[in-house]
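Hi,

Here is the structure I promised to pass on. Have a look at it first, and then read my notes below.

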Amino acid sequence: MKKIMVVDDSRVVQIQLSKILEGSDFEIAAYCRTGEEAIQKYTDVQPDLITMDIIMPGIDGLEAARAILQEHPEARILMVSSLAYDDTMDEAKEIGAKGFVYKPFDRDQILDSMQNALNS
C-alpha cells in the first residue's frame with residue numbers, strides 16, 4: 001500500500017480523492033490544507049507520493065513543492081490544479097514535480113498519473 005499526502009485547501013477535492021482511492025493500492029496518510037502544513041508534516045508522514053494543489057492560502061503549491069524537494073530530493077510530487085498555464089507546468093517540472101493533473105479529474109486519470117509519478 002502506497003502512502004499519499006493530499007495537499008489541497010478544498011475539502012471537496014479531499015473527499016473526492018478519498019473516494020477514488022478506495023479499493024486502490026493507495027491510502028491517504030495525511031491531509032494538509034496549506035503549503036506550510038505540508039512542509040511541516042512531510043518528515044513525520046514520509047509519504048510515497050504527494051498530490052499538491054497550486055493555489056492555496058499562504059505558501060502556494062509550487063513554493064511548498066520547492067521547499068519539500070530541497071530538503072527531501074527523493075520526494076515524489078504530483079501537481080493537481082485547475083491552473084492550465086504552460087508556464088505553471090514548466091515551473092512545476094523545473095522544481096522537480098513528477099506530473100501534472102488538471103481539475104476536475106476522473107478516477108482513471110488520477111490513478112494513472114499517481115502510478116506514473118511513482119515510476120518516474
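In what follows, buried means under 20% relative accessible area, exposed means over 50%, and partly exposed is anything in between (1.4 Å probe, protein chains only). This is a predicted model, so local features need pLDDT of at least 70 and side-chain atom pairs count only at pLDDT 80 or more, while totals for chains, interfaces and linings use all residues. Residues are numbered from 1 along each chain as its sequence is written, and side-chain values use heavy atoms, with hydrogens and water left out.

Let's start with glutamine 14, which sits in helix H1 (residues 11-21) and is buried, at 4% relative accessibility. A polar atom of its side chain lies 3.0 Å from the backbone oxygen of aspartate 8.

Now the salt bridges (a side-chain nitrogen of Lys or Arg within 4 Å of a carboxyl oxygen of Asp or Glu): there are five in the whole structure. One of them joins aspartate 8 to lysine 103, at 2.8 Å from N to O. That pair links distant parts of the chain, 95 residues apart. Aspartate 8 is buried at 2%, whereas lysine 103 is partly exposed at 22%.

Cheers

Key:
Helix = DSSP H or I, 4+ residues; strand = E, 2+ residues; numbered from the N terminus. Polar contact = N/O pair within 3.5 Å; in protein donor to acceptor, adjacent residues only side chain to side chain.
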